[in-house]
Amino acid sequence: MTGSTVTGLSWNVVADLRQLMQFPFMVNALRAGTIVAVAAGALGWFMVLRRQSFAGHTLAIVSFPGAAGAILAGLSAITGYFAASVGAGLVIAAVPRSIGGRARSSESAIIGTVQAFALACGALFVSLYGGFLNGLTGLLFGSFLGISASQVLALLIVAAAALAVLALIARPLFFATVDPDVAAARGVPVRLLGAVFLVLLGCAAAEVSQITGALLVFALLVMPAATAQQITARPVVSFALTIGLGLVTVWLGLTAAYFSVYPVGFFITTFGFAGYVLAGAWRAFLWTRRRPAAAAPA
Amino acid sequence: MSSLAGLLGQPFLRYAFIAGAVIAAASGLTGYFVVLRSQVFTGDALSHVAFTGALAALAAGANLLIGLYGACIVVALAMAALGYRGQADDTVIGSVFAWILGLGALFLSIYTTSTSNGTSGVNVLFGTIFGLSATQAVTDSVVAACVCAALILIARPLLFATIDESVASARRVPVRAIGTVFLGLVGVTAAAATQAVGALLLLGLLAAPAGAAQRLTARPFRGLWLSAAIAIFSVWTGLVISYAAPKIPPSFGILAVATGVYLIAIAFTANTNGRRA
């Protein structure tokens, strides 16, 4: 009973961990999850700050027809994920302002239509490919089985490249996010930064899609960042906290999925959301305690 | 002509055409206001809820329709109650609906492992308009027709409340109650449309015809009717395409036509704007 067989969850944490690590697929899943959590946390933090979660959602959804189309065309799903999400990032960066000048409502109608159409294309590709229903739920709701070592390597290379570019543009991007007008007046190329950021976000969304599925990307892209920004307003602290929360969410989610029959997407979203709700409750608690003190001097 | 007769000779196609038209009309009408009120994100959230509600009912062994309508209406009303002070933060909505969808994945897994219903999740996600039974078609048509009627009844005050909320409330228009009723109607529409095009694609049926109509005309009531007409046109054309080419799922046909109309509308108006400038 020392971890050499599958024994299920016990109170012996060391034995549990050893059991978790004994299968190569699980090790690969944990590696991939770690890479994805770091990349998603870093880009998600900026995304929440820039209030572009709707765009991030679209980029993630587009990865579904990308992957399904790539499989249909005989390519690897990973090519499809990245090609579709990065391409969509470029399109979103190019489109809104050139159509722009109209009210925001029209823009959100466009995004909604694009999302639905992308999903419809995914459904078409799956239908044309025929009989791969299990693959379909995997694409939509995530699967941690069958991640190969070469896929982990691809995830690592893309994540490292995206994070390197993000590190280069982090300061001006932060400036452009917090105060776009002043940044533009100071000669910061706000528009270009926004476009580069959307491409990076596309990379992150494609990476997350491969773990949580195209529909549950928010769990790693938005929830850790939103949780961290509720806990602290200091940029550096909340940035580090975001990545930490993302890692904990992924590790817990993968572990829970390993020890149960339910899909990994459910656990990752649930842990992420639980963190978010707890952070919100904590902040509300602090606020109610501080209010009498703040009211006293007045 | 004989092929058209053959098309309508099949009962399942008749149901699809009739129910599809009424659902499309309801989606077009509510969608117009959804877009006008910038509540597309709400429609998106409802589509996720529709999926989870339907699968929760299936996993619990209940009728799919109960879960579908129940979940959509309850959540729409809850959003109306919570999100009134300003637009709800999109991070909050996004986090909530990602979690709801995660729950849906859980119910899907419970349902498909407890029984051998491998395709039910796909049906809820991407629609089964050709699989509607007679009773389902009648239920959906009646519900969608009621939505249309209710929306036309409140259209004028709703429009007033949408365009200038403060003036409308000063004029004693019950802005808040109308907003709540409207979101309830959106919930019902979402549930009905889930049957036709599926939970994931109903956003397109809400947003695309309305977006196209708003580009083509600035006059609100003309836009409202145009939006409904475009939606019905999309559904019918999509159904014919899918009937002619059985490999193409009907939901894709419907969405492709709706998106195409929207693109044409954008191209058309961009052209006229350019000439005017």
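Figure 1. Y81(A) sits in helix α4 of chain A, which covers residues 77–99. This is a predicted model, as are all the views that follow. Setting aside residues within four places in sequence, the contacts of Y81(A) are S63(A), G66(A), A67(A), L139(A), A206(A), S209(A) and Q210(A).

**Figure 2. Met47 of chain A and its contacts.** Here we turn to helix α2 of chain A (residues 24–49), where M47(A) is located. M47(A) has a relative accessibility of 0% and therefore counts as buried. Which residues does M47(A) touch, not counting those up to four places away in sequence? They are Q52(A), S53(A), G56(A), F197(A), L201(A), L221(A) and V222(A). For a sense of distance, V91(A) lies 44 residues from M47(A) in sequence, with 17 Å between their C-alpha atoms.

**Figure 3. Helix α11 of chain A, a mostly covered helix.** Of the 9 residues in α11(A), 7 are buried. Those buried residues are M223(A), P224(A), A225(A), A226(A), T227(A), A228(A) and Q230(A). Let us pick out Q230(A), which belongs to this helix of residues 223–231. Why does Q230(A) count as buried? Its relative accessibility is 18%, and the cut-off for buried is under 20%, so Q230(A) falls in that class. Beyond its neighbours within four places in sequence, Q230(A) makes contact with Y276(A), A279(A), G280(A) and R283(A).

Figure 4. L72(A) has 34% relative accessibility, and so it counts as partly exposed.

**Figure 5. Chain A as the setting for the views above.** Stepping back, chain A contains 13 helices and 0 strands. Its elements, read along the sequence, follow the pattern α-α-α-α-α-α-α-α-α-α-α-α-α. Of the 298 residues in chain A, 50% are buried.

**Figure 6. Two helices of chain B packed at an angle.** Helix α2 of chain B (residues 11–36) packs against helix α10 of chain B (residues 202–216), with an angle of about 70° and axes 7 Å apart. Because of that angle, α2(B) is roughly perpendicular to α10(B). Where do the two helices meet? On the α2(B) side, look for S27(B), T30(B), G31(B), Y32(B), V35(B) and L36(B). The α10(B) side brings L205(B), L206(B), A207(B), A210(B), A213(B) and Q214(B).

**Figure 7. Arg172 of chain B, a loop residue with a positive phi.** R172(B) is located in the loop between α8 (165–170) and α9 (175–197) of chain B. Most residues other than glycine have a negative phi. R172(B) is not a glycine, and its phi is near 70°, a positive value. Is R172(B) buried or exposed? The relative accessibility of R172(B) is 76%, and the cut-off for exposed is over 50%, so R172(B) counts as exposed.

Figure 8. Chain B has 12 helices and 0 strands. From the N terminus on, its elements read α-α-α-α-α-α-α-α-α-α-α-α. Chain B has 277 residues, of which 55% are buried. Taking the contacts in chain B between residues at least 6 apart in sequence, 79% join residues at least 24 apart. Chain B exposes about 11,100 Å², with carbon and sulfur atoms supplying 69% of it.

Definitions and conventions:
Residues numbered from 1 in each chain as written. Chains lettered and ligands numbered in written order. Predicted model: local features only at pLDDT ≥ 70, side-chain atom pairs only at ≥ 80, totals over all residues. Heavy atoms only, no water. Helix = DSSP H or I, 4+ residues; strand = E, 2+ residues; numbered from the N terminus. Buried < 20%, exposed > 50% of the residue type's maximum accessible area, 1.4 Å probe, protein only. Contact = heavy atoms within 4.5 Å. Areas by Shrake-Rupley, 256 points an atom, 1.4 Å probe, with all protein chains shown as cover. Axes fitted to C-alpha atoms, helices over the stretch in contact; angles between N-to-C directions. Parallel < 35°, antiparallel > 145°, perpendicular 65-115°, else oblique.
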